[in-house]
Amino acid sequence: MPDITYRSRKTEFRAEAPADGQPMLIEGYFIVFGQPYYIDDFCEEVIDRHAFDNAVMSEDLALGQKTVANNAYGAQPQSYAVDGDRVTFWRTLSGCKDKFGWLMVTFEDKADINLVYLKPYGYQLMNSVKIQYTEDEKPSASSVWKDAKTFKKSEIAPAMIADFDDIRATAIRFYADVSGHSVGLYTLEAYYADDMKAAIDKL
């Protein structure tokens with residue numbers, strides 16, 4: 001899918017066009033296949049993403065890995081968060097009353113990680129976001145989860161970079177306080193940067 005750049009009054013955004021044509025920008029919304037998306041949800045900031053790719057320069061360890069979520073809307077399953085397509089997305093069920101929305105990514109082998117890139121769906125509805133990890137051999141919702149990074153509501157954005165000390169994990173988890181709202185992820189990407197500080201300094 002081709003990259004398309006849009007400019008708002010505040011910043012420049014890039015979106016990926018669906019196969020049958022370009023998204024239409026109408027009064028702050030994109031209309032794609034008849035569905036409305038907030039511009040901040042659908043797009044990502046060009047400079048930030050390009051800087052991230054150039055700084056980290058390593059493979060996405062979460063790409064195509066097994067996913068489990070607290071629940072998922074049928075047309076937006078949890079696998080879409082790690083499919084490498086930043087337009088598809090996972091989201092929880094409409095009318096879901098769960099206080100927390102979460103998505104777990106399990107690795108085939110233990111993975112060393114110190115950076116996670118997130119693009120939340122419905123970020124405006126999230127009260128907090130945590131990136132968690134576990135070392136359990138058989139990761140599940142009931143595993144012992146440790147916090148690698150926590151974002152307060154004021155820090156939650158359309159695109160987020162979580163950097164933290166090196167961890168070795170069998171699984172990582174996106175864990176958000178959503179107070180019963182339907183939310184999700186366009187993408188969750190996990191990386192190991194050999195020199196994480198230098199990578200972050202480039203952003």
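Trainee: Which backbone atom does the side chain of aspartate 60 reach, and at what distance?

Mentor: Start with the idea. A polar contact is a pair of N or O atoms within 3.5 Å; within protein, one must be able to donate a hydrogen and the other to accept it, and residues adjacent in sequence count only if both atoms are side-chain atoms. Here, the side chain of aspartate 60 reaches the backbone nitrogen of alanine 190 at 3.0 Å. Keep in mind that this is a predicted model: local features need pLDDT of at least 70, side-chain atom pairs count only at pLDDT 80 or more, while totals for chains, interfaces and linings use all residues. Residues are numbered from 1 along each chain as its sequence is written, and side-chain values use heavy atoms, with hydrogens and water left out.

Trainee: Where is aspartate 60 found, and is it buried or exposed?

Mentor: Elements come from DSSP runs, numbered from the N terminus: helices are H or I of at least four residues, strands are E of at least two. Aspartate 60 is in the loop between α2 (46–56) and β7. Buried means under 20% relative accessible area, exposed over 50%, partly exposed in between (1.4 Å probe, protein chains only). Aspartate 60 has 18% relative accessibility, so it counts as buried. Contact means heavy atoms within 4.5 Å. Setting aside neighbours within four places in sequence, aspartate 60 touches Leu188, Glu189, Ala190 and Tyr191.

Trainee: How many aromatic pairs does a search of the whole structure find?

Mentor: A pair of aromatic rings is described by the distance of the centres and the angle of the planes. Rings of Phe, Tyr and Trp (its six-membered ring) pair if their centres lie within 6.5 Å; planes under 30 degrees apart are stacked, over 60 edge-to-face, the rest tilted. The search gives 5. Take phenylalanine 89 and tyrosine 121: centres 4.5 Å apart, planes at 10°, so the pair is stacked. Phenylalanine 89 lies in the loop between β7 (66–69) and β8 (90–91) and tyrosine 121 in strand β9 (residues 100–121), so the pair ties together parts 32 residues apart in sequence. Both residues are buried. Phenylalanine 89 also pairs with tyrosine 186, tilted, at 5.1 Å between centres and 55° between planes. Ring pairs link Phe89, Tyr121 and Tyr186 into a cluster.

Trainee: Which ring does lysine 119 lie over?

Mentor: A charge sits over a ring if NZ of Lys or CZ of Arg is within 6 Å of the ring centre and within 35 degrees of the ring normal. Lysine 119 lies over the face of tyrosine 186, 4.2 Å from the ring centre. Tyrosine 186 counts as buried because its relative accessibility is 0%. The charged end of arginine 91 sits over tyrosine 73, 4.0 Å from the ring centre.

Trainee: How many bridges join β10 to strand β11?

Mentor: Two strands pair if DSSP finds at least two bridges between them. β10 and β11 (residues 146–152) run antiparallel and share 6 bridges. Tyrosine 133 has lysine 146 as its bridge partner in β11. β10 also pairs with β12, antiparallel, over 7 bridges. There, threonine 134 stands opposite alanine 171.
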